[in-house]
Amino acid sequence: LPTTGPDAFFQKGDPPVAVAPTITITDIDSPNLTEATISLTNRKQGETLAVGDARGLTVTVVTQTAGVYTIRLSGTASVADYQAALQSITFNNTNGSPNTADRNIQFSVKDEAVYGTPVTRKVQVGPNQTPIVTVPITNLNYTEGSGAVAIAPGLSTTGTEADDNNIAAAQVTLTLPPIATCEDVLSFTDQ
């Protein structure tokens, strides 16, 4: 296994992300491998690894604790089959507020005799994204004594988190020019 490679990036709400889609395996003395382990060594709450294409190998979750998540692939298969299976390993985080520290995923493969030197890939975890409020620019026409006028009838929000379209709170501030008396009232109608 090569010792370097690009980091993967995961953002809350994203589908599971491939950890090492370009990883390669080389074994100069054997055309087959018998086992591989993949460990998320600094696991946080709500995180898992999965194998997208096991290539007929047996997949076993070996460790699933607060700090470690380990998958074992086993069975005699070609180097190419093991490589494809490792390239399909994905990381997922279902925590509502993920910790943004990089995660370390360690890969190690075994031929008929011994495990090779493990290599580590990182998954960068992005922070929660805040919703975006869009207010179209329009002139507000109001005639004194007439009924209420909508300030922002075209207001829209875009939730940037695919798993949460609810907004827990919002704040609207009405800034008025300094005048002696003010009879303006701001009200909200739930839609």
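Tutor: Two strands count as paired if DSSP finds at least two bridges between them. The model is predicted, and what follows describes that model.

Begin with the sheet itself. Six strands make up an open sheet, and their order is S1-S9-S8-S3-S6-S5, with mixed pairing. S1 and S5 are the edge strands, each pairing on one side only. On average, neighbouring strands of this sheet are turned by 20 degrees against each other, direction ignored.

Now look at strand S6, residues 69–78. Eight bridges join S6 to strand S3, residues 32–40, and the two run antiparallel. Along this pairing, glutamate 35 stands opposite serine 74 in S6, and isoleucine 38 stands opposite isoleucine 71 in S6. Strand S5, residues 58–64, is joined to S6 by six bridges, and this pair also runs antiparallel. Here valine 61 is the residue opposite isoleucine 71 in S6. Isoleucine 71 therefore has isoleucine 38 opposite it and valine 61 opposite it as well, under the rule that strands pair through bridges. S5 and S6 form a hairpin, with four residues between them.

Next comes the helix. Helix H1 covers residues 79–87 and lies across S3, S6 and strand S8 (103–110). H1 runs at about 155 degrees to S6. Its buried residues are Val79, Tyr82, Ala84, Ala85 and Leu86. The cover over these buried residues includes S3, strand S4 (47–51), S6, S7 and S8.

In soluble globular proteins, nonpolar side chains tend to be buried together.

The structure holds one aromatic pair. Phenylalanine 10 and phenylalanine 91 form this pair, which is edge-to-face, with 5.5 Å centre to centre and 85 degrees between the planes. Because phenylalanine 10 lies in strand S1 (residues 8–10) and phenylalanine 91 in strand S7 (residues 89–93), the pair ties together parts that are 81 residues apart in sequence. Phenylalanine 10 has 0% relative accessibility, so it counts as buried. Phenylalanine 91 is buried too, with a relative accessible area of 0%.

Finally, take asparagine 92, which lies in strand S7. Its relative accessibility is 18%, and buried means under 20%, so asparagine 92 counts as buried. Leaving out residues up to four places away in sequence, asparagine 92 touches Phe10, Asp14, Pro16, Gly46, Glu47 and Thr48. One of these, Phe10, is a member of the aromatic pair. Asparagine 92 and valine 19 are 73 residues apart in sequence, while their C-alpha atoms are 9.9 Å apart in space.

Note on methods. Residues are numbered from 1 along each chain as its sequence is written. This is a predicted model: local features need pLDDT of at least 70, side-chain atom pairs count only at pLDDT 80 or more; totals for chains, interfaces and linings use all residues. Side-chain values use heavy atoms; hydrogens and water are left out. Rings of Phe, Tyr and Trp (its six-membered ring) pair if their centres lie within 6.5 Å; planes under 30 degrees apart count as stacked, over 60 as edge-to-face and the rest as tilted. Buried means under 20% relative accessible area, exposed over 50%, partly exposed in between (1.4 Å probe, protein chains only). Axes are lines fitted to C-alpha atoms, for helices over the stretch in contact, and angles run from 0 to 180 degrees between N-to-C directions. Contact means heavy atoms within 4.5 Å.
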